[in-house]
Amino acid sequence: MSCACLTPSWLEKVMLSIGAKDSELSNSTLSQSNTLEQHKNTTDIKFENDSELNPLSNQTTLVQGGFLYTADANNTVIADSWVLIKGSEIIAIGSSDDPIPEHDKLVDAKGKLLLPGLINPHWHESFVAPCHESADDSGIKPTAYSNGGDIAALGAMFGFISGVGQKLTLDEGIAIARWSMWTQLRSGTTALGDVGSANKADAMATAAIELGMRLRVSRWGSDIMLPDGTGNYKTIADTQEQTNDWVALIENWHEHSSGLVGAMPSVMGAFGSSDAQLLSLAEIAHKFNVPYATHLAPLKNERAAVEAVFGKSPIQRFDDMGLLTDRLLAVHTAYASEAEYQRLIATGVNICHSPAHYGMLGERTVSETGQLGRFLKDGVWVSTSTDGDISFIGGMCEAMRGAHLGHNEAQNCNTACPPTLALKTGSLFGAKALGWHDKIGSIEIGKQADLVLVNADDYRYKLGNHPLRTYLVTGSSHDVNSVMVAGEWLVKNGRSTRFDEAELFADYEKAVVSARARIGGPS
Ligand SMILES: [Zn+2]
């Protein structure tokens, strides 16, 4: 359930304070950074003919020598691979034993892992929120996600977040979204699923297109909250207004001509939506045939709170509205009853989780019920995601590590989520959750050329035989070297090919100063 905008100024009681501010970095840290920068250059790839390949052209690029994990149905691995790309599409795959095909451009990927573009289907753009964390742990208190979840506090916070986008100007929203989404693209995420953000849908979709990455953009429905113990709900937003926003979202962005953006209306969850709102979501999702998303059965305390008001469980509410379908993306689903568990499998609901984020906030989503690991063992395509927060908390490398280590531990067996399965939770399964698995999610002939190259030739990789395992266990988002989406390199040797990173950040900083002045906080 962990979501964005956990800022102390907005909801002081629930904030977890960790980390350090840039201003607190010591001189020694800065000089270390320079050393790292110099080291990084030794891993740089030479991009032959450095001009961009036009994705619409018939030119071909050969990415040669990478250690390829395809994330396809057979878990195909090729230690010394080549992948041929024409325009935006993968047209051939082979190994060094096969004849090298003719090509216009060559990228030498020796010493790199070659992975499919990573897919993060559950994320919240939240970088407008001010960050007041301190560098020590003295102020830490349990968050609203800890100890089973404070449903009233979370309802108030999420209701507030759902209105933040309306208070931003479009320019502010774009500047904030560009920086926020860049941190994901830089980390190897080529497709994001917005499950409700503190930003405008139009700003986020525009930023995605400008950056060149894929996005299912959303508008977060949240029209009620459940105050403690009253047995009633409190209306906090206009249901019809949020319904109108969904229609506009779909009309503006569904199957957008850029080929990068689609719509995904969402609701916060069973404790944030009236029956009228769930009914509207069902009608719209079915009418326009779009994927749609929610947090579903994410917290231990949610069931009792929802049953006290609606007389039925969170999952039953969604089922009764016809919302359990194979177009639903359901996040953090760890607290289903046995009958509900079977029903989720039978209806083909896309289950997603954020295993690297739970520990940060004190949620026990992986280990308490073991249900997410059980879904995986039962063959369900459980996807992995980062969730959102007010600062960069990791990309898909860290999320997939959470899946690999977390499920193996919780299930007491190292076959619960081996590395190639963990990779699929962060690629193919995420593509399915976003309704895009026909075109992205794995490196296969006929799919879009969304690729990630990861530095994998340093001391960590000398002794192991399984470089993906080494990357998941010892790597980080920062090890991502280069990223391609639809045949175009968007990141080369850690740098954007379209933007100056410092300028992106300066634009972000300027935008948040004016935006924060008028956003306010939850009452
Ligand atoms: Zn979330």
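This briefing walks through a few local features of the structure above. The model is predicted: local features need pLDDT of at least 70, side-chain atom pairs count only at pLDDT 80 or more, and totals for chains, interfaces and linings use all residues. Residues are numbered from 1 along each chain as its sequence is written. Helices (H or I, at least four residues) and strands (E, at least two) are DSSP runs, numbered from the N terminus.

- Glu 340, Tyr 341 and Leu 344 of helix 10 (residues 338-347) are buried, where buried means 20 or more other C-beta atoms within 10 Å of the residue's own, exposed means 12 or fewer, and C-beta atoms are placed from the backbone.
- Helix 9 (314-320), strand 18 (350-353) and helix 12 (371-377) are what the buried residues of helix 10 pack against; contact here means C-beta atoms, placed from the backbone, within 7 Å.
- After helix 10 comes Gly 348, with a positive phi near 75°.

**Helix 13 meets helix 16**

- The axes of helix 13 (residues 396-410) and helix 16 (residues 467-474) come within 8 Å and cross at roughly 100°; axes are lines fitted to C-alpha atoms, for helices over the stretch in contact, and angles run from 0 to 180 degrees between N-to-C directions.
- Helix 13 and helix 16 are therefore roughly perpendicular, a label for angles of 65 to 115 degrees.
- Helix 13 brings Cys 397, Met 400, Arg 401 and His 404 to the contact, and helix 16 brings Tyr 471, Leu 472 and Val 473.

**Leu 113 and its surroundings**

- Leu 113 lies in strand 7 (residues 112-116) and is buried, with 25 other C-beta atoms within 10 Å.
- Not counting residues up to four places away in sequence, Leu 113 touches several residues, among them Phe 67, Val 454 and Tyr 471.
- Leu 113 and Asp 457 are 344 residues apart in sequence, yet 9.1 Å apart in space, C-alpha to C-alpha.

- Strand 1 (residues 60-64) and strand 6 run parallel, joined by 4 bridges.
- Thr 61 stands opposite Lys 105 in strand 6.

Definitions and conventions
Angles under 35 degrees count as roughly parallel, over 145 as roughly antiparallel, 65 to 115 as roughly perpendicular and the rest as oblique. Two residues are in contact if their C-beta atoms, placed from the backbone, lie within 7 Å. Two strands pair if DSSP finds at least two bridges between them.
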